[in-house]
Amino acid sequence: MLICAASNNAGKLKELRRILERMGHEVKSLRELGIDLDPEETGATFAENARIKAEAFCRASGLPTVADDSGLCVDALDGAPGVYSARYAGHHGDDAANNQKLLRELQHVPAGQRAARFVSAVCFMLPGGRALTVEGVCPGTVAFAETGHNGFGYDPLFVPDFVGLPSGAVTPNLTRRSYAELADAEKDAISHRGRAMEKLEAELPQFLAESEA
């Protein structure tokens, strides 16, 4: 199936493309489709924002579309930055500023109280408006300093509780590596987006069959 991957975030697009192509789909980016659109994310939840984006880009592309809205929820900050993760410091997509603000907000929070989780809501929408939304969560903690370069956003600060193995299984993250220190396969097996996409893969065949009935 030819799918529009609805993201202007290069790191997120890379992950979506990698996972969707592994599922056997052909993926076109917004740039490849010549779409220049930035829908306003007014939802109060990740799922609402994912649907807003999926609907806008599905209409613009005329293709089945996958859109993701995701973010980091920190317990000590009452769930912040949450749906405001990409613009936490005031400017959308400023990873360095967002990470520095998060470190400042947590500077007096001890190691045992820095629990957090990455959440991803993925919406698959067909032309005509029928949609399937799934959600994935990855628990972990926020580190005291950034480590690693294989990631984007809050990846250098987020230490997942588990990491993936070549077999596809998972194991405790005993070495306390950040998202940004993991290889792609290690991250995909446990990441919030990877888990959401696993649910999408499992539920998509029935969703498509019902759409054709």
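Pro81 sits in the loop that joins strand E3 to helix H3; helices (H or I, at least four residues) and strands (E, at least two) are DSSP runs numbered from the N terminus. The peptide bond leading from Ala80 into Pro81 is cis, with omega near 0 degrees. This is a predicted model, in which local features need pLDDT of at least 70 and side-chain atom pairs count only at pLDDT 80 or more, while totals for chains, interfaces and linings use all residues. Residues are numbered from 1 along each chain as its sequence is written, and side-chain values use heavy atoms, with hydrogens and water left out.

Asp78 lies in the loop between E3 and H3. Its phi is positive, about 55 degrees, although Asp78 is not a glycine. Asp78 is exposed, with a relative accessible area of 77%; exposed means over 50%, buried under 20% and partly exposed in between, using a 1.4 Å probe and protein chains only.

## A positive phi at Arg176

Most residues other than glycine have a negative phi, and most peptide bonds are trans. Arg176 has a phi near 60 degrees, a positive value in a residue other than glycine. Arg176 belongs to the loop between strand E8 (170–172) and H4, and is partly exposed at a relative accessible area of 43%.

## Helix H1

Helix H1 covers residues 10–22, 13 residues in total. From first C-alpha to last it reaches 18 Å, close to the 18 Å expected at 1.5 Å a residue; the expected span is 1.5 Å times one less than the number of residues. The buried residues of H1 are Lys12, Leu13, Glu15, Leu16, Ile19 and Leu20. Seen down the helix axis, they fall within an arc of 165 degrees, so they line one face of H1; the arc is that of the directions from the helix axis to the C-beta atoms. On the other side of H1, Ala10 and Arg22 are exposed.

The buried residues of H1 pack against strands E1 (2–5), E2 (26–29) and E3, and against helices H2, H4 (184–188) and H5. Contact here means heavy atoms within 4.5 Å.

Leu16, in helix H1, is buried with a relative accessible area of 0%. Not counting residues up to four places away in sequence, Leu16 touches Ser7, Val66, Arg193 and Met197. Leu16 and Leu182 are 166 residues apart in sequence and 17 Å apart in space, C-alpha to C-alpha.

His25 is placed in the loop between H1 and E2. His25 is buried, with a relative accessible area of 17%. Leaving aside neighbours within four places in sequence, His25 is in contact with Met1, Ile3, Leu20 and Leu204.

## The largest pocket

The largest pocket holds about 690 Å³ of space. A pocket is an open set of points on a 1 Å grid over the protein atoms alone, where a 1.4 Å probe fits, with protein on both sides within 12 Å along at least five of seven lines; lining residues have an atom within 4 Å of a point. Grid points are joined across faces, edges and corners, and a volume is the space filled by probe spheres set on the points.

The lining has 31 residues, and Asn9, Lys12, Glu41, Ala86 and His92 lie nearest the centre of the pocket. H2 (46–61), E3 (65–74), H3 (95–105) and H5 (192–212) each supply at least two lining residues. E3 gives the largest share, four residues. By class, the lining has eight nonpolar, twelve polar and eleven charged residues. Ala, Val, Leu, Ile, Met, Phe, Trp, Tyr, Cys and Pro count as nonpolar, Asp, Glu, Lys and Arg as charged, and the others, Gly among them, as polar.
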